[in-house]
Amino acid sequence: MDSRRQGSSIVGLGGYTSIITGQGTRISEDRVGITSGNAMTVAAGVEALLATAAEMNIDLEGACLGALGATGNICSLYAQMIAERVPRLVLIGRPH
């Protein structure tokens, strides 16, 4: 990969390359980390959610998370990551 030669240790996929490569699983590259745009979106979002909850004095151990779009890739990952921190989840998604 050209990015590795330029000193990158992580490559983020975007612009539908994540979809085409199966969220990066179809790329065989063991010398550089690969992340999808979805993974970066969720990581940044979870970090922001935790920081905002702390700023607003919201006790996550007593909170309920509502996940709108729970059948989607990004929202389902949010729900999985936050589920470890809240006692209740309300998952809202399409019936299929």
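**Labels and their grounds**

Me: Why is Leu 68 called exposed?
Reply: Leu 68 has a relative accessibility of 69%. Exposed means over 50%, so Leu 68 counts as exposed. The model is a predicted one, and Leu 68 lies in strand 3, residues 64-68.

Me: What makes the nonpolar surface patch of about 290 Å²?
Reply: Leu 68, Val 90 and Ile 92 make this patch. Patch members need over 30% relative accessible area, and Leu 68 is at 69%.

Me: How are the helices and strands arranged along the sequence?
Reply: The protein has 4 helices and 4 strands, and their pattern along the sequence reads α-β-α-β-α-β-α-β.

Me: Which hand does the crossing of helix 3 and helix 4 have?
Reply: Helix 3 passes helix 4 in a right-handed crossing.

Me: How do you know whether Val 86 is buried or exposed?
Reply: The relative accessible area of Val 86 is 10%. Buried means under 20%, so Val 86 is buried. Of the 96 residues of the protein, 24% count as buried. Val 86 sits in the loop between helix 4 and strand 4 (88-92). The C-alpha atoms of Val 86 and Ala 63 are 5.7 Å apart, with a sequence separation of 23 residues.

Me: Why is Gly 33 called partly exposed?
Reply: Gly 33 has 30% relative accessibility. Gly 33 belongs to strand 2, residues 33-36. Its C-alpha is 6.1 Å from that of Val 11, which is 22 residues away along the chain.

Me: What is the phi of Asn 57, and why is Asn 57 called exposed?
Reply: Asn 57 has a positive phi of about 55° although it is not a glycine. Most residues other than glycine have a negative phi. Asn 57 lies in the loop between helix 3 and strand 3. At 70% relative accessibility, against a cut-off of over 50%, Asn 57 therefore counts as exposed.

Technical notes:
Residues are numbered from 1 along each chain as its sequence is written. This is a predicted model: local features need pLDDT of at least 70, side-chain atom pairs count only at pLDDT 80 or more; totals for chains, interfaces and linings use all residues. Side-chain values use heavy atoms; hydrogens and water are left out. Patches are made of residues with over 30% relative accessible area and no salt bridge: like charges are joined within 9 Å, nonpolar side chains (Val, Leu, Ile, Met, Phe, Trp, Tyr) within 5 Å. Accessible areas come from the Shrake-Rupley method with a 1.4 Å probe; for residues, only the protein chains shown count as cover. A salt bridge is a side-chain nitrogen of Lys or Arg within 4 Å of a carboxyl oxygen of Asp or Glu. Helices (H or I, at least four residues) and strands (E, at least two) are DSSP runs, numbered from the N terminus. Buried means under 20% relative accessible area, exposed over 50%, partly exposed in between (1.4 Å probe, protein chains only). A crossing is left-handed if the near helix is turned anticlockwise from the far one by less than a right angle, and right-handed if clockwise.
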